[in-house]
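Open the model in your viewer and keep the selection panel at hand. The stops below go one element at a time.

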Amino acid sequence: MARRKKIYEGKAKILYEGPEPGTIVQYFKDDATAFNAEKKDVIDGKGVLNNRLSEYFMNGLNQIGVPTHFIRRLNMREQLVRNCEIVPLEVIVRNFAAGTMSKRLGIAEGTQLPRPIVEYCYKDDALGDPLVTEEHIAAFGWASQQDMEDILSLALRVNDFMSGVMLAVGIRLVDFKIEIGRVYEGDFQRLIIADEISPDSCRLWDIETGQKLDKDVFRRDLGSLTDAYSEVARRLGVLPKSNVSKPTLIN
Ligand code: 5GP
């Protein structure tokens with residue numbers, strides 16, 4: 001069998017050329033990294049969980065009319081997605097102060113924000129994804145004014161959807177990061193949600209206990225990351241019953 005063409009290997013995923021034009025296969029690795037890859041580990045089963053969870057969230061978004069790159073899951077670790085041009089921004093939405101916002105502004109972690117706050121970081125690992133303003137984005141041509149309006153509206157819709165889904169299973173969506181892709185349809189371009197939405201890119205706290213169920217468990221050495229992600233998957237009913245405590249690792 002011919003080997004597939006690898007397009008890109010990132011910290012948590014590998015992208016391969018897809019079976020049809022305009023498609024890509026997104027493979028979820030077990031690698032976990034934090035602090036711009038200064039901290040690294042391989043966490044058994046993380047890729048399987050994130051593949052399932054990202055499928056769940058992207059499917060839900062597609063169903064409520066928020067366009068995403070997700071087409072279908074292929075197997076335990078791979079999903080077929082639309083090929084798109086990634087806008088070089090990390091779009092962060094925060095409902096409660098945590099992480100870099102708490103550090104930067106001296107606001108205690110867990111403080112509810114007066115309204116969701118959207119931030120933009122320039123996607124550049126070598127620079128550590130620095131925070132940028134809309135002035136930088138416009139001046140350097142990373143996105144147009146119209147793109148920025150669309151991105152803000154997409155980000156807030158994702159926030160409402162994700163907050164509701166999580167609230168229903170007793171989890172607080174503290175903040176999250178999304179990436180935006182550009183696709184061309186005839187003469188028109190459209191912005192869609194790309195990359196992944198998973199506990200790797202969200203802060204998720206149990207509403208009752210405050211227990212962290214996201215990548216901070218790894219960043220801050222708070223216990224088993226697979227247990228935390230499995231708990232999110234279990235509450236959402238994402239994993240088949242037999243796989244509730246341990247995801248079956250096939251490939
Ligand atoms: P913070 O700016 O507080 O570190 O992160 C805010 C939110 O965005 C958190 O949910 C965090 O997981 C997510 N986030 C920020 N940068 C990245 C990144 O480079 N990769 C991933 N997976 N998530 C990120």
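Select Leu225, Thr226, Ala228, Tyr229, Ser230, Val232, Ala233 and Leu236: these are the buried residues of α6 (buried means under 20% relative accessible area, with a 1.4 Å probe and protein chains only). The model is predicted, with local features needing pLDDT of at least 70 and side-chain atom pairs pLDDT 80 or more, while totals for chains, interfaces and linings use all residues. Numbering starts from 1 along each chain as its sequence is written, and side-chain values use heavy atoms, leaving out hydrogens and water.

Now show the partners: the buried set of α6 packs against α1 (46-63), α4 (145-167), β12 (171-185), β14 (202-206) and α5 (216-219). Helices (H or I, at least four residues) and strands (E, at least two) are DSSP runs, numbered from the N terminus. Just after α6, pick Gly237, whose phi is positive, about 70 degrees.

Next, go to Glu78 in strand β7 (residues 78-82). Is Glu78 buried or exposed? Glu78 counts as buried because its relative accessibility is 10%. Display its contacts (heavy atoms within 4.5 Å): beyond neighbours within four places in sequence, they include Tyr16, Val25, Asn51 and Arg73. Arg4 is also in contact with Glu78, and the two side chains make a polar contact at 2.7 Å.

Last, select β9 (residues 89-96) and β10 (residues 112-122), antiparallel strands joined by 7 bridges; strands pair if DSSP finds at least two bridges between them. Glu90 stands opposite Cys121 in β10.

Technical notes: Buried < 20%, exposed > 50% of the residue type's maximum accessible area, 1.4 Å probe, protein only. Polar contact = N/O pair within 3.5 Å; in protein donor to acceptor, adjacent residues only side chain to side chain.
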